[in-house]
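Please look over the aromatic rings in the model below.

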Amino acid sequence: GFTGQDVAAPARGLGARVTLIEALPTPLAPLLSAHIGGWFADLHREEGVVVRLGAALAEARGGEVVEELVLADGERIGCDLVLVGIGTVPATGWLAEHGFAAGVPVDAAGRTDLPDVFAAGDAALSPDPATGAHRRTEHWEAAAWQGAMVAKAMLGLEPGPPPPATFWSDQFGLRVQCVGNPAGADETHLEGDPAERDFEVLFTRAGRPVAGLAVGRPTAIRRFRKQIEDGAAAPERKELVV
């Protein structure tokens with residue numbers, strides 16, 4: 001995922017030998033599609049990162065620190081440092097007896113089904129604007145605006161519609177930005193040249209924009225955000241990638 005890539009890129013820039021291990025056949029495929037995920041794998045390969053795809057970790061060996069990883073196919077990878085980026089689990093175990101161990105469902109303003117009880121951040125399961133399904137948004141930016149909306153709701157103010165989730169990643173001198181939820185898309189529209197590391201992708205669901213990804217195009221995110229918020233039909237794009 002982006003956590004591993006965000007560390008791999010600067011580590012490689014500092015001259016470290018870096019190996020990325022991904023259990024899926026293509027990194028980021030469930031979020032960005034196999035086509036775009038494959039571009040990220042190639043980006044790291046071009047910069048000298050060793051990329052192992054479809055690789056399951058079988059064992060970690062060492063004394064007080066990890067010195068070697070063993071993959072399911074028997075490959076052994078010596079290491080000085082290991083970063084594990086496999087997602088997060090919210091600290092909501094204390095709510096398990098109430099059926100909320102995975103998070104607390106809330107409305108767009110952070111209200112729960114209980115009077116005067118609100119939730120925000122990783123503990124909250126907010127409705128996705130595109131699908132209506134409740135899910136966690138694991139980014140600090142989302143936690144910040146969720147907290148602000150909860151504060152307004154507590155004060156009896158109208159918080160307004162939630163903004164599309166946003167995050168960014170800096171890799172090998174490139175700014176990668178994403179707005180919205182690409183996982184809710186059924187089509188992706190590509191414009192630009194991935195080979196030149198200069199492109200953007202509009203993700204749509206039933207013809208409506210739900211997310212946008214920009215590589216080396218910082219101004220595209222504002223346009224994507226407006227398209228998502230307006231719910232306008234997706235414009236024609238030069239290339240369609242399903």
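1. The count comes to five aromatic pairs. The model is predicted, and the pairs are counted with ring centres within 6.5 Å of each other.

2. Take W39 and F199 to begin with. Their ring centres are 4.9 Å apart and their planes meet at 75 degrees, so this pair is edge-to-face; the cut-off for that label is an angle over 60 degrees. W39 belongs to helix α3 (residues 34-46), while F199 belongs to strand β12 (residues 198-205), so the pair ties together parts that are 160 residues apart in sequence. Are W39 and F199 buried or exposed? Both are buried.

3. W140 and W168 also make an edge-to-face pair, with 6.0 Å from centre to centre and 85 degrees between the planes. Here W140 sits in helix α4 (residues 140-154) and W168 in strand β9 (residues 166-171), so the parts tied together are 28 residues apart in sequence.

4. Accessibility should be read for each residue of this second pair. W140 has 62% relative accessibility and therefore counts as exposed, since the cut-off for exposed is over 50%. W168 has a relative accessible area of 41%, so W168 is partly exposed.

5. Which residues do ring pairs link into a cluster? They are F2, W39, F40, F167 and F199.

6. R223 lies over the face of F224, at 5.4 Å from the ring centre.

Key:
Residues are numbered from 1 along each chain as its sequence is written. This is a predicted model: local features need pLDDT of at least 70, side-chain atom pairs count only at pLDDT 80 or more; totals for chains, interfaces and linings use all residues. Side-chain values use heavy atoms; hydrogens and water are left out. Rings of Phe, Tyr and Trp (its six-membered ring) pair if their centres lie within 6.5 Å; planes under 30 degrees apart count as stacked, over 60 as edge-to-face and the rest as tilted. Helices (H or I, at least four residues) and strands (E, at least two) are DSSP runs, numbered from the N terminus. Buried means under 20% relative accessible area, exposed over 50%, partly exposed in between (1.4 Å probe, protein chains only). A charge sits over a ring if NZ of Lys or CZ of Arg is within 6 Å of the ring centre and within 35 degrees of the ring normal.
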